[in-house]
Amino acid sequence: MIEQKVVTPEYLFFEAERKKQLMTGSEAVREAIRKANVDMAISYPITPQSESMHLVGDIFAEGYVKEYFRGENEFAVMSSVAGAAMAGVRVFTATGGPGTMRAFEVFPTWAGARLPIVCAFMTRGVNSPLTIQPDTIEMAYLLETGMLMLHAETAQDLHDMILKAFIVAEKTDVHVPVGVFADGFFVTHTKETLEIPEPNIKLPSYNPYSSPVPPMDMENVPVRQMRDPFVMKSNFISYAAHASWQQEVDAAAERSRKYLETYLGGLLETENEDADVLLVTSGTAVCQSREAMAIARAQGLSVGLVKLKSIRPFPTEEIRALATRARAIIVPEFNRVGWLAKEIKSVIDEPRKVVGAPRVYGGMTMPPEIILDEIRRVTR
Amino acid sequence: MNGLKYKVVAGPEGFLPPAAASMGVELPEAGQALVEGCSVCASEGLQKIAEKLVGAENPVFFPGPLILWNWKDGVAEKAVALKELAEAVGAKIIPMPDYRPKYPMINPAIEVNPNHPNLTIWHNKIDVCVFIGVHCHYANVALKIIRGGTNCYTIALCGEAGHEDAMVSLRDAGLAELKKLTALVRKLKGEV
């Protein structure tokens with residue numbers, strides 16, 4: 001392990017010299033965690049996530065992570081990281097697809113307990129017959145768990161978003177978990193050239209004493225009692241407390257917007273946003289849409305691109321403004337249900353403008369030509 | 001949201017009032033305070049707090065664990081300053097010693113709980129209350145319940161980023177701010 005100097009998040013994100021390195025998305029996770037000053041990482045293998053947490057284990061062996069172990073299963077892992085976060089340490093884990101499903105009960109409790117856990121989700125299909133291939137359907141299930149959701153287009157995004165996620169998650173006025181999503185295999189198992197800071201710097205450590213809830217010592221009163229759940233009684237007092245509690249979790253996500261503006265440069269980014277037809281999407285569907293846009297524009301069609309970086313909080317006002325100008329909004333997705341198209345339809349004034357296509361799933365790729373077909377259809 | 005600026009004012013606002021943050025109210029930047037949903041300079045916020053405390057019939061301070069326990073340097077001095085402030089106002093102190101729900105066992109005459117703060121406010125007929133030393137999550141949970149079901153005016157002296165759900169909220173409130181507030185209260189009461 002090389003000696004690391006603690007630097008400000010702003011220095012690490014925006015000012016530190018970056019060097020080019022060819023690596024996979026899984027290796028990008030390792031390099032992010034190497035600089036994230038993580039106290040504890042807990043893993044359980046599932047394709048296509050296994051390699052990333054294996055690599056985090058490697059840097060634990062080198063001394064970059066203070067504690068690391070394998071849980072009994074995903075439910076145990078997500079429960080264990082909750083315990084670690086409650087105790088006041090910075091914690092990281094990753095999962096994907098059926099692993100996400102297996103642990104699902106725990107995710108809403110993370111947000112409810114105001115735990116600043118960062119979890120990478122390497123998305124894959126969850127259906128039967130079994131598939132291990134890329135599919136973003138698990139994101140549909142996670143939309144209302146209270147966690148912030150960032151969606152990486154590339155391994156570079158994945159590296160940068162993981163580091164930034166810790167800092168946003170740990171803000172006192174936010175302090176909810178952040179899920180960083182990357183499309184399995186497309187991002188995790190392919191190589192690209194990243195620009196990353198040297199490993200001799202790292203983020204400042206987490207300060208649990210600014211947490212909006214007291215860090216918990218499970219063994220000792222009175223701290224132990226401070227985080228007891230509500231009395232499960234059927235009365236208005238109990239209901240009102242639950243309701244106010246849930247509102248506060250939503251409020252925390254609202255407060256994260258300004259930090260995501262600062263660190264991600266906005267919840268979305270655009271190319272040719274004044275075009276007649278906008279391709280609005282997230283993850284690796286952005287890469288394919290960019291290709292389709294380039295071909296379409298070369299053919300004289302007015303096409304722009306909106307890359308959503310944050311799904312929760314959702315860039316409602318930004319999309320509403322963009323939708324006002326566009327004649328049609330095409331939403332390419334790597335899943336069967338079209339959860340992103342539904343999200344966009346729900347926030348704009350003219351949902352009929354939204355074309356929920358093309359959709360591919362079960363591991364299929366998304367050739368730019370099928371996006372072009374939709375562009376031609378709406379511009380006929 | 002209907003485009004009108006949401007005002008964070010004394011209730012009772014209704015069955016389930018929204019979180020002010022979800023209605024577009026944003027926390028103050030450093031050097032600012034929040035008054036009824038609007039950012040103002042910190043000195044204006046201090047003045048508003050002093051006026052509310054002096055004009056109240058039954059003002060009460062609700063100190064939480066962060067100021068009740070001497071858990072780090074500077075807390076004891078802050079607690080002494082808070083006691084001086086309460087004495088200058090002529091206000092009672094009702095502590096929030098921990099956060100576990102105590103309904104229906106709570107004795108509202110002697111303590112307040114974030115999960116049912118309205119019980120203490122109703123029991124003691126409190127018209128202005130001040131949160132200090134309460135962890136931010138629990139303060140926000142309580143402030144919404146108070147706005148929903150009581151007519152109590154809420155003030156939050158927050159050591160962190162402030163509270164949208166309080167009617168007046170200081171951020172980064174430390175020893176100096178407490179001393180300034182005490183001086184303002186004494187000035188308004190004509191004691192200096």
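Modeller: Axes are lines fitted to C-alpha atoms, for helices over the stretch in contact, and angles run from 0 to 180 degrees between N-to-C directions. Helices are DSSP runs (H or I, at least four residues), numbered from the N terminus. This is a predicted model: local features need pLDDT of at least 70, side-chain atom pairs count only at pLDDT 80 or more, and totals for chains, interfaces and linings use all residues. Residues are numbered from 1 along each chain as its sequence is written, and chains are lettered from A and ligands numbered from 1 in the order in which they are written.

Colleague: Why is α4(B) called oblique to α5(B)?

Modeller: The axes of α4 (residues 117–124) and α5 (residues 136–149) of chain B cross at roughly 50 degrees and come within 8 Å. Angles under 35 degrees count as roughly parallel, over 145 as roughly antiparallel, 65 to 115 as roughly perpendicular and the rest as oblique, so α4(B) is oblique to α5(B).

Colleague: What makes the contact between these helices?

Modeller: B:P117, B:N118 and B:I121 of α4(B) meet B:A142, B:I145, B:I146 and B:G149 of α5(B); contact requires C-beta atoms, placed from the backbone, within 7 Å.

Colleague: How many residues of chain B are in contact with chain A?

Modeller: 23 residues of chain B are in contact with 25 residues of chain A. On the chain B side, α5(B) gives the largest share, six residues.

Colleague: What is the mean pLDDT of chain A?

Modeller: On that confidence scale from 0 to 100, the mean for chain A is 94, and 95% of its residues reach 70 or more. Over residues 219–227 of chain A, pLDDT stays under 50.

Notes: pLDDT = per-residue confidence, 0-100. Contact = placed C-beta atoms within 7 Å. Helix = DSSP H or I, 4+ residues; strand = E, 2+ residues; numbered from the N terminus.
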